[in-house]
Amino acid sequence: MKVTPETVSQAMIDRWYAQEENYRLRLRAIGELARVCPPPDVFAGQTACPSHPAERWPCPLTKIAWYARGSDPRAEERALLEAIPLPDGMSGEE
Ligand SMILES: [Zn+2]
């Protein structure tokens, strides 16, 4: 049967919404389970994830958490890096 606006039944629409809700709930569950790893000591030249040393930070699990929560990974990464306090003697000004 060809699906057209006239042949779409209420049951099909209800099933579609139920499926969408299911996806939304699964994504929310993933977002709540996934942990955001702290950034590495960038001022010591480190780039690896402190929790997953084989991965460069932000590691895939951190990105999964951000995507599942609907965050912008670039904005999240920037905010976490900017929150790292400057080491003593490094003021950022000449
Ligand atoms: Zn990690």
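Which residues does Trp57 touch, not counting residues up to four places away in sequence? I looked this up and found Cys37, Pro39, Pro40, Thr47, Ala48 and Cys49.

**Ground rules.** I am working on a predicted model, where local features need pLDDT of at least 70, side-chain atom pairs count only at pLDDT 80 or more, and totals for chains, interfaces and linings use all residues. I number residues from 1 along each chain as its sequence is written.

**Whole chain.** I found 3 helices and 0 strands. Helices here are DSSP runs of H or I with at least four residues, strands are runs of E with at least two, and both are numbered from the N terminus. The pattern along the sequence reads α-α-α. The radius of gyration is 21 Å, well over the 12 Å that the globule rule gives for 94 residues, so the chain is more spread out than a compact globule. That radius is taken over C-alpha atoms, and the rule is 2.2 Å times the number of residues to the power 0.38. I noted a C-alpha trace that spans about 70 × 30 × 20 Å along its principal axes. Of the 94 residues, 7% count as buried. For burial I count other C-beta atoms within 10 Å of a residue's own, placed from the backbone: 20 or more is buried, 12 or fewer is exposed, and in between is partly exposed.

Trp57 sits in the loop between helix H1 (10-33) and helix H2 (60-68). Is Trp57 buried or exposed? It is buried, because 21 other C-beta atoms lie within 10 Å. Its C-alpha atom is 9.1 Å from that of Glu77, 20 residues apart along the chain. I also checked the bond from Trp57 to Pro58: the peptide is cis, with omega about -5 degrees. Most peptide bonds are trans. Pro58 lies in the loop between H1 and H2.

**Helix H2.** I list Thr62, Ala65 and Trp66 as buried in H2. Seen down the H2 axis, the buried residues fall within an arc of 95 degrees, so they line one face of the helix. The arc is that of the directions from the helix axis to the C-beta atoms. Their cover includes H1 and helix H3 (73-82). Just after H2, Gly70 has a positive phi of about 80 degrees.

**Glu32.** I found Glu32 in helix H1. Glu32 is exposed, because 11 other C-beta atoms lie within 10 Å. The C-alpha atoms of Glu32 and Val42 are 27 Å apart, at 10 residues along the chain.

Terms used: Contact = placed C-beta atoms within 7 Å.
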